[in-house]
Amino acid sequence: MFINKSKNGLNNVCGPIIERRRKEMGKSQRQLADMLQLAGLDVDKNAIQRIEAGKRFVTDVEITYLAKVLGLSYEELLNA
């Protein structure tokens, strides 16, 4: 059976990158969720927490918003 997980067993490859960039920006998970909501993505602090921990899959739509808000390219977000 095929399992959709990254090499390290997480549900996404961008979580650690998002967490690192968020901390570089001096933002909390709540603040990042607020920034994403202002940009038009309905997401809360719990979703950010689960994404960063690799416990949640991230959609292509979410990648688009995350890249914009974090000032990263898609490649930077997906370069595990």
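Guide: Before we look around, a helix here is a DSSP run of H or I with at least four residues, and helices are numbered from the N terminus. Please keep in mind that this is a predicted model.

Visitor: What does the side chain of N12 reach?

Guide: The side chain of N12 reaches the backbone oxygen of I51, at 3.0 Å, and a polar atom of that side chain also lies 3.3 Å from the backbone nitrogen of C14. If we leave aside neighbours within four places in sequence, the residues in contact with N12 are S6, I51, G54, R56 and V58.

Visitor: You mentioned R56, so which residue does R56 form a salt bridge with?

Guide: R56 forms a salt bridge with E62, and the closest N and O atoms of this pair are 2.7 Å apart. R56 is partly exposed, since its relative accessible area is 22%, whereas E62 is buried, with a value of 9%.

Visitor: Which other buried residues are in α4?

Guide: Helix α4 covers residues 60-70, and its buried residues are E62, I63, L66, A67, V69 and L70. These buried residues pack against α1 (15-24), α2 (29-39) and α5 (74-78). Just after α4 comes G71, which takes a positive phi of about 70°.

Visitor: Back to salt bridges, how many are there?

Guide: The count comes to four salt bridges. One of them joins E52 and R22, with the closest N and O atoms 2.6 Å apart. This pair links distant parts of the chain, as E52 belongs to helix α3 (residues 45-52) and R22 to helix α1, 30 residues apart.

Visitor: What about R21, which residue does R21 form a salt bridge with?

Guide: R21 forms a salt bridge with E24, where the closest N and O atoms are 3.5 Å apart. Both residues lie in helix α1, three residues apart, which is about one turn of the helix. R21 counts as partly exposed, at 24% relative accessibility, while E24 is exposed, with a relative accessible area of 53%.

How values were computed. Residues are numbered from 1 along each chain as its sequence is written. This is a predicted model: local features need pLDDT of at least 70, side-chain atom pairs count only at pLDDT 80 or more; totals for chains, interfaces and linings use all residues. Side-chain values use heavy atoms; hydrogens and water are left out. Buried means under 20% relative accessible area, exposed over 50%, partly exposed in between (1.4 Å probe, protein chains only). Helices (H or I, at least four residues) and strands (E, at least two) are DSSP runs, numbered from the N terminus. Contact means heavy atoms within 4.5 Å. A polar contact is a pair of N or O atoms within 3.5 Å; within protein, one must be able to donate a hydrogen and the other to accept it, and residues adjacent in sequence count only if both atoms are side-chain atoms. A salt bridge is a side-chain nitrogen of Lys or Arg within 4 Å of a carboxyl oxygen of Asp or Glu.
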